[in-house]
Amino acid sequence: MANLKSYGSEDPLVRYTVDHSLRLTEGQKKLMALTLTLPRYVMLGAPEVLQLNANLIRSIGGRKVLDVGVYTGASALSAALALPQDGEVHALDITEENINLGRPFWQEDGVADKIHVHIGLATDTLQRFIAEGQTGTFDFAFIDADKANIDRYYEQCLVLVRPGGIIAFDNTVLNGRVLNLDDQKPDAVAIRRINEKLRDDERIHLSFLKVGDGLSLCFVK
């Protein structure tokens with residue numbers, strides 16, 4: 001199945017919508033171009049998803065954001081651009097290698113000071129935030145990391161994100177693989193399970209959108 005993200009889509013309607021909506025800074029354009037040259041470029045968040053996240057952050061007056069899974073930093077950059085000058089993006093990843101590719105573009109767009117990188121297991125970092133008393137202090141969380149721990153990330157983010165805040169999940173259709181029940185690979189199983197959990201979770205209001213590779217928006221009650 002073809003890549004459902006706009007940069008991999010041949011659907012003329014997808015091209016039309018992004019051509020008539022995306023507003024990327026020069027830093028974002030350059031970071032996207034660089035990331036698309038990498039062997040694992042498909043880990044790059046769809047720009048239409050990242051822009052929607054940014055608009056949601058603006059609309060709720062967000063000041064403090066969790067970015068769980070950074071890769072080259074496109075999602076952190078998009079969130080930082082949506083925040084006020086004193087806003088904070090806390091970017092969590094297991095390694096700094098790919099993040100360092102994105103840092104020059106954070107600088108170019110003037111938001112590097114807003115992005116705070118935390119290296120290590122994201123579950124450990126999130127638990128540390130909880131232990132430090134940061135419960136209910138985040139406005140928005142974007143979960144785009146390993147699927148094996150996706151349920152733990154969700155439960156920890158539910159503690160950290162305030163009522164009225166938003167938790168967004170990327171890749172919730174997994175390039176269409178969710179439909180193939182014969183696909184029992186761990187990532188597909190994990191995504192199906194979180195989709196079923198979110199559908200029935202009364203702690204949130206839910207919107208499940210067929211945009212990019214699937215975007216689930218959880219509005220915390």
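This is a predicted model: local features need pLDDT of at least 70, side-chain atom pairs count only at pLDDT 80 or more; totals for chains, interfaces and linings use all residues.
## A nonpolar patch on the surface

On the surface of the model, L36, Y41, V42 and M43 come together as a nonpolar patch, and the accessible area of these residues together is about 300 Å². One of these residues, Y41, sits in the loop that runs between helix α2 (26–35) and helix α3 (47–59).

Y41 has a relative accessible area of 33% and therefore counts as partly exposed, since that class covers the values between the limit for buried residues, under 20%, and the limit for exposed residues, over 50%.

## The largest pocket

The largest pocket has a volume of about 960 Å³. Its lining is made up of 40 residues, and those closest to the centre of the pocket are R40, M43, D144, A145 and D146.

Sorted by class, the lining of the largest pocket holds 17 nonpolar, 13 polar and 10 charged residues.

## The second largest pocket

The second largest pocket has a volume of about 360 Å³, and 18 residues line it, with L4, V14, K210, V211 and G212 lying nearest its centre. Helix α1, which spans residues 12–19, gives the most to this lining, contributing four residues.

When the lining residues of the second largest pocket are divided by class, eight are nonpolar, seven are polar and three are charged.

A search of the whole structure for cavities of 30 Å³ or more finds one, and the largest cavity holds about 60 Å³ of space. The elements that each give two or more residues to its lining are α3, β1 (64–68), α4 and β4 (138–143), and the largest share, four residues, comes from α3.

The residues that line the largest cavity include L50, N53, A54 and I57, together with V65, L66 and D67, then S75, S78 and A79, and finally F140 and F142. By class, this lining consists of eight nonpolar residues, three polar residues and one charged residue.

Technical notes: Residues are numbered from 1 along each chain as its sequence is written. Side-chain values use heavy atoms; hydrogens and water are left out. Patches are made of residues with over 30% relative accessible area and no salt bridge: like charges are joined within 9 Å, nonpolar side chains (Val, Leu, Ile, Met, Phe, Trp, Tyr) within 5 Å. Accessible areas come from the Shrake-Rupley method with a 1.4 Å probe; for residues, only the protein chains shown count as cover. A salt bridge is a side-chain nitrogen of Lys or Arg within 4 Å of a carboxyl oxygen of Asp or Glu. Buried means under 20% relative accessible area, exposed over 50%, partly exposed in between (1.4 Å probe, protein chains only). On a 1 Å grid over the protein atoms alone, a cavity is a set of points where a 1.4 Å probe fits but cannot get out, and a pocket is an open set with protein on both sides within 12 Å along at least five of seven lines; lining residues have an atom within 4 Å of a point. Grid points are joined across faces, edges and corners, and a volume is the space filled by probe spheres set on the points. Ala, Val, Leu, Ile, Met, Phe, Trp, Tyr, Cys and Pro count as nonpolar, Asp, Glu, Lys and Arg as charged, and the others, Gly among them, as polar.
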